[in-house]
Structure formats: C-alpha cells, structure tokens
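Here is a short note for a first look at this structure. Please read the points with the model open.

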Amino acid sequence: MHLDEYLPVLQKTNARFDDAAAEAVLEHGWSAHVPGCPDWHLPDLVRHLGEVQKCWTWVVRNRVTDPSTYVEPRRHPDDELLGWVAAQHAELESALAGADPAERVWTWAPQQDVAFVLRRQVHEAVVHTADVEEVLGDVRPIPARVGLDGLDEWLEVMVPAALPDGPPETAHPVIFHAVDTDARRTLFAGSRPFPIAALTGTAGDLLLAVWRRLPLEVLTVDGDGLQAIAMIDLVGGE
C-alpha cells in the first residue's frame, strides 16, 4: 500500500468497528465474549482499541520522542465506551492527517516516524474490527491490498520484534500464498532448505490466521499444518 492509502483505510475501518460494536451491544450485551481474544469480553476489546489509539494520538500530536510521561486514560464505564472509542478514532485520524509521515516520533520499533504509526494503527484496527465482527458472526472480507500489507507488516515488524535474535533453531519455513494477489511470502525463510507447510487463501484470511483469529481449516494447507501453527505461535501476538 502507498502512504496516502492508509488514512482512508483507517477511517473506513474505524467506522466499521463503531457500527459493529454498537450492533454487538444491542444483540448480545456488554457481556458478549470475544472469540478471537479468549480472555476478553466486549468492553475489553473496545477499551483496548480506544486506549491504543489514544496513546498513539498523543505520540503523533506532540511529536513525542520519550513516552515515559504518558498518562493512562481513566477507565470509562461500559455505557460510555461507544462514544469514547468513537472520539478516540476521530482524534487519531485528525492527528495523523495533520502530521508528515516522515516526521520523527517515538515508536517501539526501529522505524521511528509517523509512517510507522499510520501503518501499525491501520492493521491494529483491521484485526480488532474482525474481532468485533466475529462477535456478530459476520466477519467481512478484508480488501486484498490491505490484507497483503498487513501480512507484510506482520513479517517485517512483528516477527523481528518477537524474535530479535532471529528464528530459533526449531524454526522451519512456512509459505503463505495469497490467491487474490498471487503473492507469496515466507515466514522463517532460509531456516531450512524446504518449507514445513504452504498455506493458501486470501490475503485477508492469511492475515487473520497469522494473528490467530482464523483456524487453518479456512485455508488450503499443503504439508504439516500442526507444525505451521507451531511456527506462527513462535511469534505470539495480541
């Protein structure tokens, strides 16, 4: 994806999250379990996304280079959460719209600029929107370019962050084939001469699978699926 594509995707995704969360509350109540996050109920999911976006709004708006002075937001009661998270969406979108992607800000990754925040927040919202859609039983397809960029971000950013010393000795390559973009990507490339498995599906389904939101049964698996899951699990995630 190009840099100028991220903000419109974030805006559309945030709006979908709000609609789906409101529908989930009406249909299932705040006590609804979030299948993609086994320890969470609906308030945990809404709070998490709102708190993450509030923090990054502060980073971008203030061009923060040291996060130590950040003050955690107060915990809002459930009946205020939908309005509160919508406000966090608007604040983050405004902060990102008013910042040059090349401007330096603190991040937890080697890339220390607004562009990192922009990309990371798109995929944070995409995955958590799928989470709330799963509460409704209506997980909508992720656009191919967004799914592939999210898979690339997982491989380029999340894998090195989780495994800063590189793949463990037990690692085996896993190939991801996104059929809607005809793209192939590899986890732990070069760790062994041959892959342990190849996983084929849409880019969006592959993205949700590596974030462990979808079971491998939704994909076509060539090889050892259990070992493919074990390789993905080496990375961890939220």
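1. Start with α2. Of its 20 residues, 15 are buried, so α2 is largely enclosed by the rest of the structure. Buried means under 20% relative accessible area, with exposed over 50% and partly exposed in between (1.4 Å probe, protein chains only). Helices are DSSP runs of H or I, at least four residues, numbered from the N terminus.

2. A word on the source. This is a predicted model: local features need pLDDT of at least 70, side-chain atom pairs count only at pLDDT 80 or more, and totals for chains, interfaces and linings use all residues. Residues are numbered from 1 along each chain as its sequence is written, and side-chain values use heavy atoms, with hydrogens and water left out.

3. Next, the helix pair. The axes of α1 (residues 3-28) and α2 (residues 42-61) come within 11 Å and cross at roughly 155°. Axes are lines fitted to C-alpha atoms, for helices over the stretch in contact, and angles run from 0 to 180 degrees between N-to-C directions. α1 and α2 are therefore roughly antiparallel (over 145 degrees).

4. Which residues of α1 and α2 make the contact? From α1 come Leu 10, Asn 14, Phe 17, Ala 21, Ala 24 and Val 25; from α2, Leu 42, Leu 45, Val 46, Leu 49 and Gln 53. Contact means heavy atoms within 4.5 Å.

5. Tyr 6 sits in helix α1. At 4% relative accessibility, Tyr 6 counts as buried. Leaving aside neighbours within four places in sequence, Tyr 6 contacts Met 1, Leu 118, Arg 119, Val 122, His 123 and Asp 149.

Note on methods: Helices (H or I, at least four residues) and strands (E, at least two) are DSSP runs, numbered from the N terminus. Angles under 35 degrees count as roughly parallel, over 145 as roughly antiparallel, 65 to 115 as roughly perpendicular and the rest as oblique.
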